[in-house]
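Let's take a look inside a protein chain and see what its residues touch. Here it is.

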Amino acid sequence: MNIIKKVLSTVLLVLLTFTWNIYSVKAITDENIDSDYESIEMLEEDSIDISSEEVNINTPLRVSARNAIAIDSKNNTVLWSQNGYEIVPMASTTKILTALIAINYGNLEKKVTISKNASSIRGSTVGYRAGEEISMRELLFGLMFRSGNDAAIAIAEEIGGSIEGFANIMNDYAKSLGIINSHFESPHGLDSEKHYSSAYDLAILTSKAMEFDVFKELVGEKIIYKEKYNFTRDYQNINKILYKIPGANGVKTGYTGGAGKCLVSSINYEGRNIIIVVLNCVDRWNVTEKIYNYVIKTNNFMNKSNKDLLSEEKVAGLGNIINEEDITYGYKESDVIEVEVFNPNLGIEVGDILGKISIKDSLYEKDKFPLISNINLSKEKLEKIILGEE
């Protein structure tokens, strides 16, 4: 009987040990798939090559990402895309919208009490404790520098009253920006069935967010010491792209089991931000750099007055009767600039649209800029100006 008891005890101990090991592995796995936290000390991980990668501009670019896109934030022109409009999960890049809403609707100096719900959220966290009082501004740094899901919950509860209430705000606000192919269920982006976006939508969202100085600090700085804003902690930005590409000024990492590794980046180039999004991309740092090198080599970026452009297109007379505006665009050598003047039925008044300047490729119109009259004139006089007779 004693021998049987010893055997049973041994078997039970083995089973308990095996069960604990399974639980431990599962806990670690769950943490990893829901977390995009990566220590900046591990800068050499993910096969980061600090040197600039050469690209072949003579062949169409394909990269190892499920979805990717690059836009010129000056006018949101798409410079390059690979499945850029497909609807997919987007992990913690969701926090770009969370931050933008907090900036627009929150009081950045108000102290927010961390709830048990916020302090117990899984995945990447800052480590805020239940009952701790943190300013909204500090929560934003926790959100964007450390990808804190606890910061996301605290922000959502403060502004929306609940996760569901904040999600309603997120969806309404996104639609107001023209983001119509996305849906948001949470402020942090952990995988859920009805939480999705596209590389294009995230690029447009980021382009808008980068108009705000507060947001640019949240995503562009590498370290914020607590003394600057009287925070409770120092914050170090986990986004390695800031260290990899000269001119990089944001924006946000993301990683879940459903979304894979994601990255939304902004790189300042000749006075404009090139926004690059890669989703479900294991080699996200190098792929982002590869896309950046490709788009700046295959696109020309122009800042010109519409009057100067009209002069180059041999319709200088038209430039004398329109409002002068700067035209900013990225174009390829094969693109065509066209000037179209509308045929009015009656005379022209100040503020009327006389026509447009179009940037076209072989398939479609990529961008257009209206020509707006700055004087009153008759239909006949307009025709003479166009023909160069006046």
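## Who touches Ile 155?

Skip the neighbours within four places in sequence, and Ile 155 is in contact (heavy atoms within 4.5 Å) with Thr 98, Ala 102, Met 136, Leu 139, Leu 140, Leu 143 and Phe 166. Keep in mind that this is a predicted model, where local features need pLDDT of at least 70, side-chain atom pairs count only at pLDDT 80 or more, and totals for chains, interfaces and linings use all residues. Residues are numbered from 1 along each chain as its sequence is written, and side-chain values use heavy atoms, leaving out hydrogens and water.

In soluble globular proteins, nonpolar side chains tend to be buried together.

## A hairpin

Strand 1 (residues 67-72) and strand 2 (residues 77-82) run antiparallel, joined by 5 bridges. Strands here are DSSP runs of E with at least two residues, numbered from the N terminus, and two of them pair if DSSP finds at least two bridges between them.

The two strands make a hairpin with 4 residues between them, and Asn 76 in the turn has a positive phi of about 60 degrees. Asp 72 sits opposite Thr 77 in strand 2.
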